[in-house]
Amino acid sequence: MTRMQRLRESRFWPMLWKEFIQMRRDRLTLVMVTVVPAVQLLLFGYAIQTDVRHQPMVVLDESRTVESRALTAAITNTGTFDYAGEVHSRREIQLAIRTGQARAALVIPPDYERLIKRGETARAQMIVDAADPSSSQAAMSGAQLAAASRAQAIIAERGRIRLPLEMTVRPWYNPAGRSAVFIVPGIVGVLLTVTMTIITSGAIVRERERGTLEQLIVTPIGKTSLMLGKLVPFVLVGYLQMTVVLVLAWAIFDVPLVGSIPLLYALASTFIAASLGVGLLVSTIARNQAQAMQMSFFFMLPNILLSGYMFPREAMPDVARWVGLVLPLTYFLKVLRGILLKGSGLAELWREVSALAIMATVLVSVSVRRFHKTIE
Amino acid sequence: MTGPSPAPQAAVETVGLRKTFGSLVAVDRLDLSIPRGQVFGLLGPNGSGKTTTIRMLCGLMQPTDGTARVVGLDVHTDAELIRTRIGYMSQRYGLYDDLTVGENLRFYATVYGLHGAERTQRLTEHLEELGFTERMGQMAGTLSGGWKQRLALACATAHRPEMLFLDEPTAGVDPAARRTFWQIIYRLAERGTTILVTTHYMDEAERCQRLAFLSRGHLIALGTPTEVTQQFGQANIEDVFIELQRRDEGVRA
Ligand SMILES: Nc1ncnc2c1ncn2[C@@H]1O[C@H](COP(=O)(O)OP(=O)(O)O)[C@@H](O)[C@H]1O
Ligand SMILES: [Mg+2]
């Protein structure tokens, strides 16, 4: 038999064919992998957009003048911030933000009115709780905007050449100032990890539970054909899902698509394969679908916490950073953010992509090795 | 058959076959020889080790001890080769409920290595013979018990195996469907297929050419239906079975 013939008669094909038919008929899974991530992304976006309205703001007014009260009013009038009381020291600001009583603080220095009257530039400061980076970005620009409109009002009243008011914004708890734009690509990665792992982990276990695995393994199908046949259709699912989430991120959350989208799709294959490999490995360990589900969820937590999706990896203790190094998402986040936000190319990302490719290969081959054509 | 070498025509030959699950002995030192072309019945109460025996012969489970040869090949070393030459119908049928009749059959036929025109011809024949032509597009999950059973048999025999293992193929199937099923079995046997079938139904046991009775993993009787009834001094197989079950429970109590 020639190579070509062998390939054509490989038992991988019937397996692939069967999986595709089953996938097409499994509406629930199709909905799970497309609609659910879309809804999650929308919910997240909705949360971003509501959070930036009515942020409770305390005021440290050391000027206590007509001008300083006018600035406070101008800022609360925008609706981004709500007046949440007066404080009398920086310590009190810290306390208010830490306890969640306030998410922002306006600091007006003693010489505020005096400087404006003298025609010089007065400086006010807005402190924004940036622990939730998704909302802080909008809050910070909201503060800038309110200050700018107040400055215009002052110019209109007094007619002057110099800028009367400068607002400095200080984000607290998140000095890097990570924005929603930074977070959304992360969600794309997290959602892919979650669904890819969960649906693949159930794949072999489901056949075991339904009794079809027993029938399948008395046939001469090879382990590799069996597992690859199961895996490949999910790659398409991964791409479908990625497309849905990316389109939403771009259309609704203004995530820029700076770099090459074809490159992103090409490189994503390594991440999708690695995630599927994790799911496949789980499915060789779990005895039933419930166990597979639990294991997949267990895998989720380190992904969310240690991959750099939520917290910057640079600030993590060594052990946490090392654990992060074995998670496919850690590398894919760099690829996603690199391509989407910075327009990076293969020259900057080849390390991440190689790591993902190695992981995918190792995970799939370990799974195939672990899988035995017996039912014990 | 006293020679040291197994008879060349034996389809199944086991020597001291044993399977334990922890401290439970599911199959204990089973010596069995089934000549080619025979319809052989494996009988015994629930939990007596029938399924475990079949699973070891099909290479689904590793024997704890002993040897087994199926179609002349060692189950331990030639499992993959054996798989191309046997058919197996499990207790749970192993059909994909979300595939149609035609798709199930096509899938198994292709996995068994049938391709192109040969596959098409074989499937058409097969579907016709089993009366499935009109149900090609029906989802397997919506078939009644009798049709499911027949489809499972069709899938297990699409590649014309020399040896067929049927594990309680007629459990929960109505009498009419059971009769049709046995007609198919006999047709296969006439073509030279060796058939090992486990069953609970005593009328089916009487249809086998030879029987083996298992009790708690032990082979306790072997022979033609008539020989076995005589051996136990009973009127028919059903009485033998009831007697065995009584003994079995006696040991357990
Ligand atoms: N995978 C397994 N793990 C543990 N015990 C098993 C397993 N399979 C079967 N058994 C036990 O082995 C014995 C024989 O089972 P089985 O071969 O299924 O009997 P039968 O098919 O005759 O009803 C039973 O006691 C059963 O509980
Ligand atoms: Mg059984």
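Visitor: What makes strand 6 and strand 7 of chain B a pair, and which way do they run?

Guide: Two strands pair if DSSP finds at least two bridges between them. Strand 6 (residues 86–89) and strand 7 of chain B are joined by 4 bridges and run parallel, so they qualify as a pair. Ile86(B) stands opposite Met163(B) in strand 7 of chain B. The strands themselves are DSSP runs (E, at least two residues), as are helices (H or I, at least four), both numbered from the N terminus.

Visitor: What are the ground rules here?

Guide: This is a predicted model, where local features need pLDDT of at least 70 and side-chain atom pairs count only at pLDDT 80 or more, while totals for chains, interfaces and linings use all residues. Residues are numbered from 1 along each chain as its sequence is written, chains are lettered from A and ligands numbered from 1 in the order in which they are written, and side-chain values use heavy atoms, with hydrogens and water left out.

Visitor: Why is strand 7 of chain B called largely enclosed?

Guide: Buried means under 20% relative accessible area, exposed means over 50%, and partly exposed is in between (1.4 Å probe, protein chains only). In strand 7 (residues 163–167) of chain B, 5 of the 5 residues are buried, so the rest of the structure largely encloses this strand. Both faces are covered, with Met163(B), Phe165(B) and Asp167(B) on one side and Leu164(B) and Leu166(B) on the other.

Visitor: What partner does strand 7 of chain B have in strand 8 of chain B, and how many bridges join the two?

Guide: There are 5 bridges between strand 7 and strand 8 of chain B, and the pair runs parallel. Asp167(B), for instance, stands opposite Thr198(B).

Visitor: What makes strand 3 of chain B mostly covered?

Guide: Strand 3 (residues 39–43) of chain B has 5 of its 5 residues buried. Val39(B), Gly41(B) and Leu43(B) point one way, while Phe40(B) and Leu42(B) point the other way. Strand 3 of chain B also runs parallel to strand 8 (residues 194–199) of chain B, with 5 bridges, and Val39(B) stands opposite Ile195(B) there. With strand 9 (residues 210–215) of chain B there are 4 bridges, again parallel, and Gly41(B) has Leu211(B) as its bridge partner.

Visitor: Which strands make up the open sheet of chain B, and in what order?

Guide: The sheet has 4 strands in the order 2-1-4-5, with antiparallel pairing. Strand 2 (24–35) and strand 5 (73–74) of chain B each have a single partner strand, so they count as the edges, with one side of each left without a neighbour in the sheet. Strand 5 of chain B is joined to strand 4 (residues 65–70) of chain B by 2 bridges, and at least two is what pairing asks for. One of the bridge partners is Asp74(B), which goes with Arg69(B). Helix 1 (residues 50–57) of chain B packs on this sheet, touching strand 1 (10–21), strand 2 and strand 4 of chain B, and makes about 120° with the direction of strand 1. That angle is between N-to-C directions, on a scale from 0 to 180 degrees, with axes fitted to C-alpha atoms, for helices over the stretch in contact.

Visitor: How do you know whether Thr14(B) is buried or exposed?

Guide: Thr14(B), in strand 1 of chain B, has a relative accessible area of 2%, so it is buried. Its side chain has a polar atom 2.8 Å from the backbone oxygen of Leu30(B). A polar contact is a pair of N or O atoms within 3.5 Å; within protein, one must be able to donate a hydrogen and the other to accept it, and residues adjacent in sequence count only if both atoms are side-chain atoms.

Visitor: Why is Met140(A) called buried, while Arg69(A) gets another label?

Guide: Met140(A) comes in at 14% relative accessibility, so it counts as buried. Arg69(A) is at 49%, so it counts as partly exposed. Met140(A) belongs to helix 7 (residues 133–158) of chain A, and Arg69(A) to helix 4 (residues 66–77) of chain A.

Visitor: How many residues of chain B are in contact with chain A?

Guide: Contact means heavy atoms within 4.5 Å, and 31 residues of chain B are in contact with 28 residues of chain A. The two chains bury about 2,700 Å² between them, 58% of it on carbon and sulfur atoms. Leu60(B), Tyr96(B) and Val111(B) supply 21% of the area that chain B buries against chain A, more than any other three residues. Buried area is the accessible area (1.4 Å probe) that two parts lose on being put together, summed over both.
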